Amino acid sequence: MAGKAFLVDTSKCQGCRGCQVACKQWNGLPAEKTEFFGGSEYTNPAELSAITWNHVVFFPLDRRDPKKPVWTIMHKKCFHCEEANCLRVCPEKAIYKKDGWTVIDQSRCIGCGACVNACIYKVPHLAEANHVSDTGLKIIHKDKSHKCNACTLNERDIPACVKTCPSGSLLYGSRQEMIKIALKRVEELKREFPNASVYGLNEFGGLGVITVLRDKPERFGLPVNVKAIDMAEAEAIKDTYALLSHFTFGIPFMKKQVYKVSKALSSHKTPKEA
């Protein structure tokens, strides 16, 4: 994977949530109803959603060294996989690559939820309501999938989350340069944290978000030894959908129902038939 990438250095994040606010403001996203301690520790909101495209995750205080407890805080958004499961399963080709970033075309999305189910990072979400920004743009489409697009739609040179970060925990630039910085930082951290690691080098062909961690990825809910989806099954569903969708007259709601039928029919096929 070449091109640009984000670098998330969890050892520098202060948990200010400036990235969350900047993302909301730049993309015209609505506020989210939250509860104090909605997620683990001070994580709020509890997770990503159709109207929250990046957020700050607080992990429980690590007290293994009683003299020096450590609190890890991580900026999280779409990881922009090079070989993205969400893109592979979409029956309408609504998910595509733009300058290396994984983007959703709302005009093609039928809200089938295939991308939601395929993403092991739990990034895409279906919107529960429409939302029009202060400038009159329809940003959120009800029953359609939404997530971070790396500021490629409301375009800017440096993504809003990175531009606002005061601690230097978020960087943006050449992927090779971000990897170089990450590896150097991990070597520094290993003097104090032997299990310090870099996540995103190879997962799904390489991620567009490189993350520096003080410990192993699994301690922070990041899956290891990841596997791409079964393309034979995905193609079987899409083939059935392509056939049946001719009878939907292009109506999104009907297409969504046809996808559900296609998935059910394909799941009943034997491996030999598939």
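1. Where is the place of Asn54? Asn54 belongs to strand S2, where strands are DSSP runs of E of at least two residues and helices are DSSP runs of H or I of at least four, both numbered from the N terminus. The model under discussion is predicted, so local features need pLDDT of at least 70 and side-chain atom pairs count only at pLDDT 80 or more, while totals for chains, interfaces and linings use all residues. Residues are numbered from 1 along each chain as its sequence is written, and side-chain values use heavy atoms, with hydrogens and water left out.

2. Asn54 counts as buried because its relative accessibility is 4%; buried means under 20% relative accessible area, exposed over 50%, and partly exposed in between, with a 1.4 Å probe and protein chains only. Leaving aside neighbours within four places in sequence, Asn54 is in contact with Cys19, Gln20, Cys23, Leu48, His75, Lys76, Lys77 and Cys161, contact being heavy atoms within 4.5 Å. A polar atom of the Asn54 side chain lies 3.5 Å from the backbone nitrogen of Gln20.

3. Helix H1 (residues 18-27) is largely enclosed by the rest of the structure, because 7 of its 10 residues are buried. The buried residues of H1 are Gly18, Cys19, Gln20, Ala22, Cys23, Lys24 and Asn27, and what covers them includes S2, S3, strand S8 (138-140), helix H4 (160-164) and strand S10 (170-174). After H1 comes Gly28, with a positive phi near 65 degrees.

4. On the cysteines, a search of the whole structure finds 0 disulfides, a disulfide being a pair of cysteine sulfur atoms within 2.5 Å. Cys16 is in no disulfide, and the nearest cysteine sulfur, that of Cys165, is 6.3 Å away; Cys16 counts as partly exposed, at 48% relative accessibility. For Cys90, the closest cysteine sulfur is that of Cys112, at 6.0 Å, which is too far for a bond, and Cys90 is buried, with a relative accessible area of 10%.

5. The structure holds 9 salt bridges, each defined as a side-chain nitrogen of Lys or Arg within 4 Å of a carboxyl oxygen of Asp or Glu. In one of them, the side chains of Arg185 and Asp9 meet at 3.2 Å, N to O. Arg185 lies in helix H5 (residues 175-189) and Asp9 in strand S1 (residues 4-9), so this pair ties together parts that are 176 residues apart in sequence. Arg185 is partly exposed, with a relative accessible area of 21%, whereas Asp9 is buried, with a relative accessible area of 4%.

6. Another salt bridge joins Glu92 and Lys255, with the closest N and O atoms 3.4 Å apart. This pair also links distant parts of the chain, since Glu92 is in the loop between helix H2 (85-89) and strand S4 (95-98) and Lys255 is in helix H7 (residues 252-267), 163 residues apart. Glu92 counts as buried, at 13% relative accessibility, and Lys255 is buried, with a relative accessible area of 17%.

7. The side chains of Asp62 and Arg64 meet in a salt bridge at 2.7 Å, N to O, and Asp62, Arg64, Asp215 and Arg219 are linked in a network of salt bridges. Asp62 is buried, with a relative accessible area of 18%, whereas Arg64 is exposed, with a relative accessible area of 55%.

8. Phe36, Phe37, Tyr42, Leu61 and Trp71 form a nonpolar patch on the surface, with about 510 Å² of accessible area together. Patches are made of residues with over 30% relative accessible area and no salt bridge, like charges being joined within 9 Å and nonpolar side chains (Val, Leu, Ile, Met, Phe, Trp, Tyr) within 5 Å; the areas come from the Shrake-Rupley method with a 1.4 Å probe, and for residues only the protein chains shown count as cover. Leu61 is found in the loop between strand S2 (54-58) and strand S3 (73-77), and counts as partly exposed at 33% relative accessibility.

9. Finally, His246 lies in the loop between helix H6 (231-244) and H7 and counts as exposed, at 63% relative accessibility. His246 and Asn225 are 21 residues apart in sequence and 39 Å apart in space, C-alpha to C-alpha.

Note on methods: A polar contact is a pair of N or O atoms within 3.5 Å; within protein, one must be able to donate a hydrogen and the other to accept it, and residues adjacent in sequence count only if both atoms are side-chain atoms.
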